[in-house]
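Me: Please take a close look at the nonpolar core of this model and at the helix packing and ring pairs around it. A connected account, with the cut-offs stated, would be appreciated.

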Amino acid sequence: KLFKRVANHIVARDKWGVFTNQALSNIVWAYATADEPHPVLFKKIARHVITLNLINFRPQALSSIVWAYASAKESQPTLFKHIANHVAMLDSLEEFLPQALSNIVWAYATS
């Protein structure tokens, strides 16, 4: 009940600007980890993230987002393309920990 209540509240408020990039990442990660589906929440977060400049996201947040969507089996091709384009255009991947890189390639391979 907790996850449903929180997701419904977030979706109903529809004020995405109040969430930090890390908070958005944490939300989808938590729902995927807890195996708590909420397709509307995932869809709305994806729609919001694709409007953002991903340079402001920490590598771990990007990794957690794609991992969460793949784990939850929430297909969001536009979100995945947006993140893939961003990561591919970076001058260096040195800021990405090995686990983050592993999670990213796993997410793309399985989604």
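Reply: The largest nonpolar core has 31 residues, and those with the most contacts inside it are Leu41, Ile45, Tyr69 and Ile83. A nonpolar core here is a set of buried Ala, Val, Leu, Ile, Met, Phe, Trp, Tyr and Cys residues joined through side-chain atoms within 4.5 Å. Buried means under 20% relative accessible area, exposed means over 50%, and partly exposed lies in between (1.4 Å probe, protein chains only). The model is predicted, and local features need pLDDT of at least 70, side-chain atom pairs count only at pLDDT 80 or more, and totals for chains, interfaces and linings use all residues. Residues are numbered from 1 along each chain as its sequence is written, and side-chain values use heavy atoms, with hydrogens and water left out.

At least two residues of this core come from each of H1, H2, helix H3 (39-49), helix H4 (59-71), H5 and H6. Helices are DSSP runs (H or I, at least four residues), numbered from the N terminus. H4 gives the most to the core, with 7 residues. Ile45 is in contact with Trp16, Leu24, Ile27, Val28 and Tyr69, leaving aside its neighbours within four places in sequence; contact means heavy atoms within 4.5 Å.

Two packed helices are described by the angle between their axes and the distance between the axes. For H1 (residues 2-13) and H2 (residues 21-33), the angle is about 150° and the axes are 12 Å apart. Axes are lines fitted to C-alpha atoms, for helices over the stretch in contact, and angles run from 0 to 180 degrees between N-to-C directions.

The structure also holds 4 aromatic pairs. Rings of Phe, Tyr and Trp (its six-membered ring) pair if their centres lie within 6.5 Å; planes under 30 degrees apart count as stacked, over 60 as edge-to-face and the rest as tilted. Phe3 and Tyr31 form an edge-to-face pair, because their ring centres are 5.0 Å apart and their planes stand at 90°. This pair links distant parts of the chain, with Phe3 in helix H1 and Tyr31 in helix H2, 28 residues apart. Phe3 is partly exposed at 26% relative accessibility, whereas Tyr31 is buried at 5%.

A second pair joins Phe80 and Tyr108, whose ring centres are 4.8 Å apart with planes at 55°, so the pair is tilted. Phe80 lies in helix H5 (residues 77-89) and Tyr108 in helix H6 (residues 98-110), 28 residues apart. Phe80 is buried, with a relative accessible area of 7%, and Tyr108 is partly exposed at 28%.

Ala107, in helix H6, is buried with a relative accessible area of 0%. Beyond its neighbours within four places in sequence, Ala107 is in contact with Val66, Trp67, Ala70 and Phe80. The C-alpha atoms of Ala107 and Phe80 are separated by 9.2 Å, with the two residues 27 apart along the chain.
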